[in-house]
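Subject: Structure handover

Hello,

Here is the structure I promised to pass on. Please open it alongside this message; my notes follow directly below.

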Amino acid sequence: MSYAIYPLVMAGSYSLFALLRVAGVSLTTSAYTTIVVVALAVAVLERVLPYRKAWFPGPSEITTDLAFIAVVQLLLPPFIALIFANALVGPVRALGIPTTGLWPHAWPVWAQAGLMVLAVDLMRYWLHRACHETDTLWRLHSVHHSVDRLYWLNTSRFHPVEKTLQMMLDSLPFLLMGVGAEVLTLYYLTYSSNGFLQHSNIDLRYGPLNFIVGSAETHRWHHSREPREANANYGSSTVIWDLVFGTWFLPPGRQVDALGLREAYPRSFIGLLRAPFQKQAG
């Protein structure tokens, strides 16, 4: 069961999305419906087959994570995308700059989506790595590492400024190149579904997939309280770039110990928004 969950959930998410599209459901509704179903399935699996019962969140943690989901994942992205479209994409197209020729639009949609996963992960790999290696970016990124237990809800715990930086890599270049809505949607479906599982408190086993996808097994080490263990596994949907650049880490025969930051850190939503500008995060 532990080995079957990841492929079954990912295959189920793509299948549900395809069925909804065949049934004539709009692209946006199909995507959001699938993401909600995957999230609910992961939430149930956390209770049925938990990795660690000690990682079950309390009411205050759930409240904080729901605030991040509402603000950072639901409200902020459309606002930032609107700014991108009006301030950058529109003017570039008005100038006649041939950015659309940089993308293989003639490829099958699934192949374009795969290319987008690899391209986004390459750019976000270096942003993520810079967040661990530079003080200014670490102040922002420490919000994500403030959790001392992993479960699917804290997938969205990112500071809004860092989320904007991420969107400059996973949205803006592809909008400029005129990547189709179907391709963008498949990317976000992959990123969301994998992200829920990557942060989940499910007793997952990935086997050889640990060398391909951003797994829960590798990502738990990335959230280790020990910096030498946490400064690894920067990939989001895939760990291919970690393998290429030598930052893949999954020690055999060991389980991660304490998670989070070594120093005290705010727990409330407002406190987490303020923290990067108030103190040195460590």
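This is a predicted model: local features need pLDDT of at least 70, side-chain atom pairs count only at pLDDT 80 or more; totals for chains, interfaces and linings use all residues.

Y187 is buried, at 0% relative accessible area.

The rings of Y187 and Y188 form an edge-to-face pair, because their planes stand at 70° and over 60 counts as edge-to-face. The ring centres are 5.1 Å apart. Y188 belongs to helix α8, which covers residues 181-198. What does Y188 touch once neighbours within four places in sequence are left aside? The contacts are D170 and S171. H219 is 31 residues from Y188 along the chain, and their C-alpha atoms are separated by 19 Å.

Next, the helix packing. Helix α3 spans residues 59-94 and helix α12 spans residues 269-278. The two pack at an angle of about 70°, with 9 Å between their axes. That angle falls within 65 to 115 degrees, so α3 is roughly perpendicular to α12. On the α3 side, the contact uses T64, A67, F68 and V71. On the α12 side, F269, L272 and L273 take part. By type, the residues of this contact are six nonpolar, one polar and no charged.

Now the aromatic pairs. How many does a search of the whole structure find? The count is 14. One of them joins F68 and F269, and this pair is edge-to-face. The centres lie 4.9 Å apart, with 80° between the planes. This pair links distant parts of the chain, since F68 sits in helix α3 and F269 in helix α12, 201 residues apart. Are these two residues buried or exposed? F68 has 1% relative accessibility, so F68 counts as buried. F269 is at 15%, which is under the 20% cut-off, so F269 is buried too.

Ring pairs also build a cluster. Its members are Y125, W126, Y234, W241 and F245.

R47 sits over the ring of F56, with its charged end 4.0 Å from the ring centre. R220 sits over the ring of Y51, and here the distance from the charged end to the centre is 3.7 Å.

One backbone point deserves a look. N233 has a positive phi, near 55°, although N233 is not a glycine. Most residues other than glycine have a negative phi. Where does N233 lie? N233 is in the loop between α10 (227-230) and α11 (240-245). N233 is buried, with a relative accessible area of 1%.

Another loop residue is S146. S146 is placed between α5 (135-141) and α6 (160-170). Its relative accessibility is 4%, so S146 counts as buried. Not counting residues up to four places away in sequence, S146 touches R157, L261, Y265, R267 and L272. Of these, L272 also belongs to the contact of α3 with α12.

Finally, two alanines.

- A54 is in the loop between α2 (27-48) and α3. At 61% relative accessibility, A54 is over the 50% cut-off and therefore exposed. A54 and N201 are 147 residues apart in sequence, and their C-alpha atoms are 9.7 Å apart in space.
- A31 is in helix α2. A31 counts as buried, at 11% relative accessibility. Its C-alpha atom is separated by 6.8 Å from that of T185, 154 residues away along the chain. Leaving aside neighbours within four places in sequence, A31 is in contact with F17 and T185.

If you want a place to start, go to F68 and F269. Both residues belong to the contact of α3 with α12, and together they form an edge-to-face pair. Then turn to N233 for the positive phi.

Best wishes

How values were computed
Residues are numbered from 1 along each chain as its sequence is written. Side-chain values use heavy atoms; hydrogens and water are left out. Axes are lines fitted to C-alpha atoms, for helices over the stretch in contact, and angles run from 0 to 180 degrees between N-to-C directions. Helices (H or I, at least four residues) and strands (E, at least two) are DSSP runs, numbered from the N terminus. Angles under 35 degrees count as roughly parallel, over 145 as roughly antiparallel, 65 to 115 as roughly perpendicular and the rest as oblique. Contact means heavy atoms within 4.5 Å. Ala, Val, Leu, Ile, Met, Phe, Trp, Tyr, Cys and Pro count as nonpolar, Asp, Glu, Lys and Arg as charged, and the others, Gly among them, as polar. Rings of Phe, Tyr and Trp (its six-membered ring) pair if their centres lie within 6.5 Å; planes under 30 degrees apart count as stacked, over 60 as edge-to-face and the rest as tilted. Buried means under 20% relative accessible area, exposed over 50%, partly exposed in between (1.4 Å probe, protein chains only). A charge sits over a ring if NZ of Lys or CZ of Arg is within 6 Å of the ring centre and within 35 degrees of the ring normal.
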